[in-house]
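This briefing covers a ligand site and an interface between two chains. Please look over the sequence and the structure before reading on.

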Number of protein chains: 8
Amino acid sequence: DFAKIDHHRQLRTGFPEVIWSQGKTPEQIIQIMNAMRSQGTPLIMTTRLESDIAEIVSLGVPDLRYYPLAKIGAIGKIEQKYQGKISILTAGTADLPVAQEAAITAELCGFEVERLWDVGVAGIHRLLNHRHIIDNADVLIVVAGMEGALPSVVAGMAPCPVIAVPTSIGYGTSFGGVAPLLTMLNSCATGMGVVNIDNGFGAAMLAGQILRL
Amino acid sequence: DFAKIDHHRQLRTGFPEVIWSQGKTPEQIIQIMNAMRSQGTPLIMTTRLESDIAEIVSLGVPDLRYYPLAKIGAIGKIEQKYQGKISILTAGTADLPVAQEAAITAELCGFEVERLWDVGVAGIHRLLNHRHIIDNADVLIVVAGMEGALPSVVAGMAPCPVIAVPTSIGYGTSFGGVAPLLTMLNSCATGMGVVNIDNGFGAAMLAGQILRL
Amino acid sequence: DFAKIDHHRQLRTGFPEVIWSQGKTPEQIIQIMNAMRSQGTPLIMTTRLESDIAEIVSLGVPDLRYYPLAKIGAIGKIEQKYQGKISILTAGTADLPVAQEAAITAELCGFEVERLWDVGVAGIHRLLNHRHIIDNADVLIVVAGMEGALPSVVAGMAPCPVIAVPTSIGYGTSFGGVAPLLTMLNSCATGMGVVNIDNGFGAAMLAGQILRL
Amino acid sequence: DFAKIDHHRQLRTGFPEVIWSQGKTPEQIIQIMNAMRSQGTPLIMTTRLESDIAEIVSLGVPDLRYYPLAKIGAIGKIEQKYQGKISILTAGTADLPVAQEAAITAELCGFEVERLWDVGVAGIHRLLNHRHIIDNADVLIVVAGMEGALPSVVAGMAPCPVIAVPTSIGYGTSFGGVAPLLTMLNSCATGMGVVNIDNGFGAAMLAGQILRL
Amino acid sequence: DFAKIDHHRQLRTGFPEVIWSQGKTPEQIIQIMNAMRSQGTPLIMTTRLESDIAEIVSLGVPDLRYYPLAKIGAIGKIEQKYQGKISILTAGTADLPVAQEAAITAELCGFEVERLWDVGVAGIHRLLNHRHIIDNADVLIVVAGMEGALPSVVAGMAPCPVIAVPTSIGYGTSFGGVAPLLTMLNSCATGMGVVNIDNGFGAAMLAGQILRL
Amino acid sequence: DFAKIDHHRQLRTGFPEVIWSQGKTPEQIIQIMNAMRSQGTPLIMTTRLESDIAEIVSLGVPDLRYYPLAKIGAIGKIEQKYQGKISILTAGTADLPVAQEAAITAELCGFEVERLWDVGVAGIHRLLNHRHIIDNADVLIVVAGMEGALPSVVAGMAPCPVIAVPTSIGYGTSFGGVAPLLTMLNSCATGMGVVNIDNGFGAAMLAGQILRL
Amino acid sequence: DFAKIDHHRQLRTGFPEVIWSQGKTPEQIIQIMNAMRSQGTPLIMTTRLESDIAEIVSLGVPDLRYYPLAKIGAIGKIEQKYQGKISILTAGTADLPVAQEAAITAELCGFEVERLWDVGVAGIHRLLNHRHIIDNADVLIVVAGMEGALPSVVAGMAPCPVIAVPTSIGYGTSFGGVAPLLTMLNSCATGMGVVNIDNGFGAAMLAGQILRL
Amino acid sequence: DFAKIDHHRQLRTGFPEVIWSQGKTPEQIIQIMNAMRSQGTPLIMTTRLESDIAEIVSLGVPDLRYYPLAKIGAIGKIEQKYQGKISILTAGTADLPVAQEAAITAELCGFEVERLWDVGVAGIHRLLNHRHIIDNADVLIVVAGMEGALPSVVAGMAPCPVIAVPTSIGYGTSFGGVAPLLTMLNSCATGMGVVNIDNGFGAAMLAGQILRL
Ligand SMILES: Nc1ncnc2c1ncn2[C@@H]1O[C@H](COP(=O)(O)O)[C@@H](O)[C@H]1O
Ligand SMILES: Nc1ncnc2c1ncn2[C@@H]1O[C@H](COP(=O)(O)O)[C@@H](O)[C@H]1O
Ligand SMILES: Nc1ncnc2c1ncn2[C@@H]1O[C@H](COP(=O)(O)O)[C@@H](O)[C@H]1O
Ligand SMILES: Nc1ncnc2c1ncn2[C@@H]1O[C@H](COP(=O)(O)O)[C@@H](O)[C@H]1O
Ligand SMILES: [Mg+2]
Ligand SMILES: [Mg+2]
Ligand SMILES: [Mg+2]
Ligand SMILES: [Mg+2]
Ligand SMILES: [Mg+2]
Ligand SMILES: [Mg+2]
Ligand SMILES: [Mg+2]
Ligand SMILES: [Mg+2]
């Protein structure tokens, strides 16, 4: 009663509802997962699941797989295979957790994922050395904290849509990710859409919608 | 010398560079347009062109077409035809200038456009009455000011990517479009990417990249 | 001496003063509760009472009832029965603590409460399926975090006043509830009043004033 | 086609849709008014109508009544009479335009209005001298700019709901009305709901919903 | 060497330098205190001293007196007696720590202090019942969190300077004290000066300067 | 009726009510001035009076004196003479209008004023060359825009209260005076109170209250 | 008397005081210029001088040279020649006014200037094509609006200090230059210092100090 | 693979890449350090390394030197000696950690460092007593929290570039260092560049670039 699971979402939008763990008790998560399972949902997935909560949830959901870097818990997988791949880039090493949230989400939803980490603009040759990845991409997710300049440079080179993900990595005037968010919203390069700070999950879902077309 | 036109952009990204009129003199705009014309650029387009500036530019660019609501000036058109269409929705009548900037940009770039105006959430039946437009969309651009709630509702129903465009329409705590921008970035519906406030042009370019796939 | 209890408030405004626990020591809370009891206050209630503080307060106030989800402590109840009921909706499961603060407050003050949880706009059919609740409401409290779009949709359908409560549920650009607050203040639907972020208590008090008319 | 008028709104919510003039051309306003008239809407009303636009609209809508201080244009009136009255207070003289927007809206919708201007807290005796107005109110609209403290004091005395309206009157750190808005949202008095900065219209509509109960 | 104590400050400004504990190690505090003692400073005082740090400092400064509510540590006292008294008011019980920081500072500097707690505007009669305190004040310090309206009401009644101190008491849109700060800066009452959020110490020092005249 | 003049204010607080011109019509200003005159108010003063409005007001108030730099209009003067003087400093030449608003207000209220312009911290010797002014001050008003550092330096040297007035002079990150306001609120020098941005009037009123003691 | 010209500044810091025109009357500017001339100041320069004010100033200062794009007025020039040059880059054509303020300031102060306009990151090859300019620079001023990513890329390549200048060019979430300012402050490239939004003058003065070493 | 170390950075910009510890696991830091060592990088340095992480890193990097106040870990040192020295000033004792981050970075990079602590503007004579340090500086780093006024005063006296570093030391409206940041960006003194809040490392790198010229 505390949750009205949206069992039709996969029919309407192509992907099932995903459980956002923040603000839920382990008991609530277990009950929602089991309710979805009994409806035959192929992929039951929860995001932002801290490892200590994951352990408690596992007691009620023994087949739960847990991805610690991405903080995702999952049962099942979408078996359908889509054309094209999702290429995910990060500016720095510290952006990995967000990038992995995107990558695991995409893989669980049935997409092929290509990863390229730590190619931020302070050493632009690192990106130029991997130009073929951009040239051959179908859809790009570009994850960056601090000044968040990487998506602009990539979108200026890419022949495909770019999804920009600001991260909360930084300090001082990064304001928990506001600095890279503004950078991305004000990009003078085109073909870019922005998602919320640290929202790797949302970036993967948008990329998935694009490739499903 | 004051401008280094990016003549390769169409090759790299599929669409030619577009001239942003703000902060440029009419003389600069004329010179850039003529330089692009002499390179054979098929579509030469300038955005945010106020009508009084457009008149001066017309003196140096006699075949300039001017779209007053969208504040776009253009020469030529991209003749290639793409599969699929771009469906554009607005929450209110006052959001039309931004929506038209998206629509004209898309049409000039060779895309088919479908328009649905004034279906904001204060009378949700207006949207539900046009459900078939959402169900059959290939890519959606949803334009909204004030509280900007329309893209969330649409993305919860749509089987395709949604591009959300906040507008500066509103007053008081709308803060020139910050309120709808935050609404869109925090959406609990998935499959949505956000562009800058009033950036109808950017929304069309992202939609174009998606349909070019 | 550290507190001047407002013993006339019930006379003036219909409801007794309520103790806000934050920033008070357990000893102060106990003393205030006992002072109010000795004045014959029918309902002595304290909000935002953490469970560990509640335990200490219980030592000095043995008949204290504690509501853990709502973080309310109470002695007594207002016996008067009012006409009409207060209908409380939430957008998500994570908004429950705020909604329960409103619900318990309302019930302790003598009102009938109707609850409808997790009917956010990402799956709008969930709300439409419960349309009769809106159609038959006397006063509505609508609680939502993240983008906070639910009150707008509800106010566009409701024949009665809507009290909108933004919650701090969300992350990144939700800015601790600022995003849904702005959504609610900028609503293009009418008949809505807004209270502070997470202020379920205040929403109930306003609903109570409305039904007392 | 540029507007989907919500002809059912009066049925659903008790009051017809109202036209927001900002961002609309005079021609659009005329067309919408005439379309509503042909549907038999009893009160056709437009807010935030500047006097120069009102003159142009009058050419196409000869029976338009214009209220310059409130910036409202109207045809017709709701004839139904409701029980109770709406009492409107301002802190200063400069808050009058917002207070009048509320007062005229309420009167056009069929409500009796009581006005009390310039009783701000810098001279608290002015308010105390009119205590009977507060004691006998059914619903109060309290309009204040600058520090916006008046609603708190009133809500602490009133036996009925208080609707607080912050205004953009002030300078420096008033930030166009943000200062009084925050004051009102953080009030330690209860029974208060807040609307957007300068939103006299919205305050009247909420007061109307409350009295319709 | 890590500190250049300002031994002349008492000569220049009437009061000795005071040690701000935040960001200093206990060892640094001990060394500064002992250096000041060896210069014969009559009052050696440190603010924002957490109780655990105070205990360590006591090991090196055995005659340290610690005031836990005010978080002040002190050696000695200014013996000079000034004319007039400093009257300190709070809006709520939760504002006590800040008010006590002001009160203890003032008393250590040689001033007489009068205290009036919990007379906030939600029950304005509590203030009016103590009107004689305002009427007979020499200088007033008014401490308030949440909406911070008390100083405006007091300054409208007082025949003397009012020092307004916003506190971080509140939640949601109080933004750690920004809401009451803005209230105080935008006051339409005159004769008021504002200090930083939670800065009881600074308020006392300003009051002291005023009474020293 | 649109204004409830606070005729007792001089009795309560020592100074009569002053008319804030912003948001008032010339007719309203004339009526209020004449009403105050008929009550025998010795000084009738209005601030923020633009020169074009002043001319219209003069038609109804022929003996109005207008001070264009300070934007003050006045009739009469407070004849009482107070002990001590008010010393007013500015950081730059561009801060003069605000400083003059303070100076004229103070002189009209009966105080002696000493002026020292353009002694900002970028050339600190300019201030040090006038050290005697600080050393002999009774109360100081220090006006500064841009980074607003002057009050901190002055308060570190002064044997009396310092009233800090931030101005909106600056550009970019000065944010209309927010930068100097924050500088002043965070001063590590003591004995300072802050007023609203550009509020020369309020600074003078506070200085007046201090000298009246 | 309204201005205390800092005649020693050139001695102390190497460059004379410069007159900031904003907030000064033409008469004040004329008087300050003439006072500086009578002291033998070699370069008398004023910034942010609008063309209509410049014309009035010319009446009192007939040998004033006016640079309209840079909005600088000047008499004389610093004849000393310094080693090294100042290289100035812009991201777009619209950033020219700010870049020219820097360039003209630098040239008037005796420095050689190299200009490279419109090499923003949306077409990164434009920058890479001019790599030799970066490789051979002594000090770089990089001017950018919108997302302001250019300085990060340049600082990652440059063997010398980079001065980053955010401009107010942009719209929506650029917030008048805040977006590029944050980008520059959060840069993960090193060797960069930032100045105020649109402060081309300040960038040139810092570059000058660096080359004077 | 999670890190693409920029081994050419020293060649391009004069200094090797530095490892930012935040958001990295100890294992990642160890691997990056060892990879850099195997490339022969002369100085391998990591910033913002908490002491507990440093201990774990030491297990894999036994010759790691740890500087606890500066939170820097390092192997090796740049042996080249540069002309000139870097003079570092702080306003208060609490700014030491940031100043030490700058000092240690500079020394590890081969520069001579001069330190002057606790000379903030509240006791300006402390700075004036050390005037020779400013007069003889080659490049100055000025570190200040709270109101951050020190760099303005220093830049008005100094014959060399000033690098201003705002710190997060303060409370209330210091907003984690935003107040001193704004002070520094709006300085009316010239020859100053600003870095991110608490970015002592970045200040040293900029100073290094300046002295390398
Ligand atoms: N990491 C995430 N970020 C944003 N939205 C999410 C995330 N994970 C799940 N959601 C969405 O949040 C909604 C569930 O909210 P709730 O009802 O509170 O579980 C679903 O519509 C999901 O699509
Ligand atoms: N002054 C106003 N403030 C806020 N909302 C308004 C105002 N006037 C009309 N509205 C609402 O704005 C909506 C109309 O928006 P639009 O479709 O752009 O005309 C209607 O739902 C009205 O209820
Ligand atoms: N465009 C500018 N931006 C920032 N500061 C400036 C500018 N032009 C001049 N200044 C400085 O502003 C100060 C002059 O301020 P004022 O006394 O008001 O003329 C001088 O110290 C100049 O160095
Ligand atoms: N304390 C610091 N503040 C800002 N940037 C830093 C700091 N320490 C290292 N860096 C830079 O951060 C980048 C490394 O980021 P990452 O790839 O995440 O290790 C390098 O370009 C360094 O120059
Ligand atoms: Mg890296
Ligand atoms: Mg509409
Ligand atoms: Mg849910
Ligand atoms: Mg008044
Ligand atoms: Mg209380
Ligand atoms: Mg000056
Ligand atoms: Mg360009
Ligand atoms: Mg110190």
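Which atom of ligand 4 does a polar side-chain atom of H:T47 lie 2.8 Å from? It is a nitrogen atom of ligand 4. This is a predicted model, in which local features need pLDDT of at least 70 and side-chain atom pairs count only at pLDDT 80 or more, while totals for chains, interfaces and linings use all residues. Residues are numbered from 1 along each chain as written, chains are lettered from A and ligands numbered from 1 in written order, and side-chain values use heavy atoms, without hydrogens and water.

**Ligand 4**

- The site is shared between chains, because residues from chains A, G and H surround ligand 4.
- Of the 15 residues around the ligand (a heavy atom within 4 Å), A:Y171, G:C188, H:R9, H:K24 and H:T47 come nearest.
- One oxygen atom of ligand 4 is 2.5 Å from an N or O atom in the side chain of H:K24.
- A polar backbone atom of G:C188 is 2.8 Å from an oxygen atom of ligand 4.
- The protein covers 93% of the 500 Å² of accessible area that ligand 4 has on its own (Shrake-Rupley method, 1.4 Å probe).

**Chains A and B**

- In contact (heavy atoms within 4.5 Å) are 31 residues of chain A and 31 residues of chain B.
- The two chains bury about 2,400 Å² between them, 59% of it on carbon and sulfur atoms; this is the accessible area (1.4 Å probe) lost on being put together, summed over both.
- On the chain A side, A:R12, A:L185 and A:L213 lose the most area to chain B, together 22% of what that side buries.

Terms used: Polar contact = N/O pair within 3.5 Å; in protein donor to acceptor, adjacent residues only side chain to side chain.
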